[in-house]
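Colleague: I have a model to go through with you. I want each label set against its cut-off. Shall we start with the charges?

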Amino acid sequence: MFILSALLIYLVLAAQFESFRDPFVILAGSVPLAISGALVFSFLGLTTINIYSQVGLITLVGLVSKNGILIVQFANELQRQGRDKLAAVIEAAGTRLRPILMTTAATVMGHLPLVFASGPGAGARNSIGIMLVSGMIIGTAFTLLVVPSIYMLVAKTHARTIPEEVDADGSELATAA
């Protein structure tokens, strides 16, 4: 199911970005690190790998992919506006930092009660909560560093799509930026 969920997300992103490179940047830059971060707590003995933690891992794939999507989509847009690849990805990571941190904080705070649950069925809630909370925190931290790096290595350079203004004799006019 995990491979199927990753494949489904890859295909949906490939259709959205009309590229096979951008989904690879998103998934390779965010998902493995988030999954590894979540599984560390399982190996430390805080939870077990059961059906609930596996559901948490599949959910984590979708949640942490969102962070990479925000960076890659905005970097592509900046390249189409005329910035080079490095400047575009640096500005995209900086500009999208606040939305990424806010949605991560909301996700973590929303799932935090699952980590501290007690009573009947608490083991199931603890498993999914620990996977989501730890995966989001660790995945977000690494996504902000790794996605721009992979973007620089793998993503294609997008051509400027905004036409420059030309006057009647064919010379370019200065555009107000």
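**Labels and cut-offs**

Modeller: Start with Arg83 and Glu91: their side chains meet in a salt bridge, 2.9 Å from N to O. This is a predicted model, where local features need pLDDT of at least 70, side-chain atom pairs count only at pLDDT 80 or more, and totals for chains, interfaces and linings use all residues. Residues are numbered from 1 along each chain as its sequence is written, and side-chain values use heavy atoms, with hydrogens and water left out.

Colleague: What makes the pair Arg83 and Glu91 a salt bridge?

Modeller: The term asks for a side-chain nitrogen of Lys or Arg within 4 Å of a carboxyl oxygen of Asp or Glu. Arg83 and Glu91 come to 2.9 Å, N to O, so the pair meets the definition. In general, side chains of opposite charge can pair when their charged atoms come close.

Colleague: How many salt bridges does the structure hold?

Modeller: The count is 1.

Colleague: Why is Arg83 called partly exposed?

Modeller: Buried means under 20% relative accessible area, exposed means over 50%, and partly exposed lies in between (1.4 Å probe, protein chains only). Arg83 has 32%, so partly exposed is its label. Glu91, at 30%, therefore counts as partly exposed too.

Colleague: How many helices and strands make up the secondary structure?

Modeller: There are 6 helices and 0 strands. From the N terminus the order is α-α-α-α-α-α. Both kinds of element are DSSP runs numbered from the N terminus: H or I for helices, at least four residues, and E for strands, at least two.

Colleague: Why are helix 4 and helix 5 called oblique?

Modeller: Helix 4 covers residues 85-95, helix 5 covers residues 97-115, and their axes cross at roughly 40°. Under 35 degrees would be roughly parallel, over 145 roughly antiparallel, 65 to 115 roughly perpendicular, and the rest is oblique. Helix 4 and helix 5 are therefore oblique to each other. Their axes come within 4 Å. Those axes are lines fitted to C-alpha atoms over the stretch in contact, with angles from 0 to 180 degrees between N-to-C directions.

Colleague: Which residues of helix 4 and helix 5 meet?

Modeller: Ala93, Gly94 and Thr95 of helix 4 meet Leu97, Arg98 and Pro99 of helix 5. The residues of this contact split into 3 nonpolar, 2 polar and 1 charged. Here Ala, Val, Leu, Ile, Met, Phe, Trp, Tyr, Cys and Pro are nonpolar; Asp, Glu, Lys and Arg are charged; the others, Gly among them, are polar. Contact itself means heavy atoms within 4.5 Å.

Colleague: Which residues touch the most other members of the largest nonpolar core?

Modeller: Val25, Ile35, Leu57, Leu60, Ile71, Val72 and Tyr151, out of 35 residues in that core. Helix 1 (2-17), helix 2 (21-43), helix 3 (51-80), helix 4, helix 5 and helix 6 (122-154) each give two or more residues to it. A nonpolar core is a set of buried Ala, Val, Leu, Ile, Met, Phe, Trp, Tyr and Cys residues joined through side-chain atoms within 4.5 Å.

Colleague: What does Ile71 touch, not counting residues up to four places away in sequence?

Modeller: Val89, Ala92, Ala93, Ile100, Thr143, Leu144 and Val147.

Colleague: How do you know that Thr140 is buried?

Modeller: Thr140 has 4% relative accessibility, so it counts as buried. Thr140 lies in helix 6. Beyond four places in sequence, Thr140 touches Val64, Asn67, Ile100, Leu101, Thr104 and Gly135.

Colleague: And what makes Ser127 buried?

Modeller: Its 2% relative accessibility. Ser127 is also in helix 6. With residues up to four places away left out, Ser127 touches Thr47, Thr48, Asn50, Tyr52 and Ser53.

Colleague: Why is Ala141 called partly exposed?

Modeller: Ala141 has a relative accessible area of 43%, so it is partly exposed. Ala141 and Ala34 are 107 residues apart in sequence, yet 9.1 Å apart in space, C-alpha to C-alpha.

Colleague: Is Ile3 buried or exposed?

Modeller: Exposed, because its relative accessible area is 71%. Ile3 sits in helix 1. Its C-alpha atom is 9.3 Å from that of Ile58, 55 residues apart along the chain.

Colleague: What is the phi of Glu18?

Modeller: It is positive, about 55°, although Glu18 is not a glycine. Most residues other than glycine have a negative phi. Glu18 lies in the loop between helix 1 and helix 2. At 73% relative accessibility, Glu18 counts as exposed.

Colleague: What share of the protein counts as buried?

Modeller: Of 177 residues, 39%.
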